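Let's take a walk through this protein together. Keep the picture in view as you read.

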Amino acid sequence: MKSAIFASLLAVASAFAPASQKASSTALKAFDDELGAQPPLGFFDPLGLVADGDQEKFDRLRYVELKHGRICMLGVVGYLVQESGTRLPGTIDLAGTKFTDIPNGFAAFKAIPAGGLVQLLFFVGVLEACVMKDLTGGEHIGDFRNGAIDFGWDSFDEETKLKKRGIELNQGRAAQMGLLALMVHEQLGVPLTP
């Protein structure tokens with residue numbers, strides 16, 4: 001009887017013991033020092049998308065992460081500006097539909113005339129095909145300056161540039177989660193403003 005109790009106590013205690021960590025592979029260690037690998041998680045790849053250590057694949061995923069982060073930063077600001085009641089003046093079409101008549105969020109897709117949606121899609125396509133491209137092999141992944149604009153970037157030292165790139169990456173990650181939260185709240189019927 002005592003041995004059965006002891007065995008059950010040992011089993012319960014082992015459930016709360018820390019699990020042994022297997023050594024991480026060299027492929028994953030390859031990205032431990034990359035921009036965005038920050039405490040407490042370090043390099044976080046739960047789906048194992050770059051478990052093979054492929055630098056080209058990692059660079060492509062980082063490019064996509066930056067691009068989506070930038071788009072979401074604009075999206076969060078646009079969502080909140082519209083929610084505050086700010087609208088463009090004038091009409092959206094020749095029939096006289098005013099910008100103020102278009103609702104916020106997902107409901108706008110039903111209210112915007114078909115011609116307006118075509119124009120939006122065309123504009124996004126032009127941005128994707130012509131503007132948001134690294135044409136000159138920029139200084140880093142996601143550098144879309146293409147020798148045309150600078151805004152003082154070249155005056156920063158390397159440490160400041162790295163810090164600013166990290167800030168942009170984290171702000172983009174937060175904006176992606178923020179935009180998702182705004183869309184979920186809208187679908188749940190939760191008002192964004194009191």
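**Helices and how two of them meet**

The protein has six helices and zero strands, where helices (H or I, at least four residues) and strands (E, at least two) are DSSP runs, numbered from the N terminus. Starting from the N terminus, the order of elements reads α-α-α-α-α-α.

A word on what you are looking at: this is a predicted model, in which local features need pLDDT of at least 70 and side-chain atom pairs count only at pLDDT 80 or more, while totals for chains, interfaces and linings use all residues. Residues are numbered from 1 along each chain as its sequence is written, and side-chain values use heavy atoms, with hydrogens and water left out.

How much of the protein is buried? Of its 194 residues, 19% count as buried, meaning under 20% relative accessible area with a 1.4 Å probe, protein chains only.

Now find helix α3 (residues 55–83) and helix α6 (residues 158–188): their axes come within 7 Å and cross at roughly 50 degrees. Axes here are lines fitted to C-alpha atoms, for helices over the stretch in contact, with angles from 0 to 180 degrees between N-to-C directions. That angle makes α3 oblique to α6, since oblique covers whatever is left once angles under 35 degrees (roughly parallel), over 145 (roughly antiparallel) and 65 to 115 (roughly perpendicular) are set aside.

Which residues make the contact (heavy atoms within 4.5 Å)? Among them are L66, M73 and V76 of α3 and L169, A175 and L182 of α6.

Note on methods: Buried < 20%, exposed > 50% of the residue type's maximum accessible area, 1.4 Å probe, protein only. Contact = heavy atoms within 4.5 Å.
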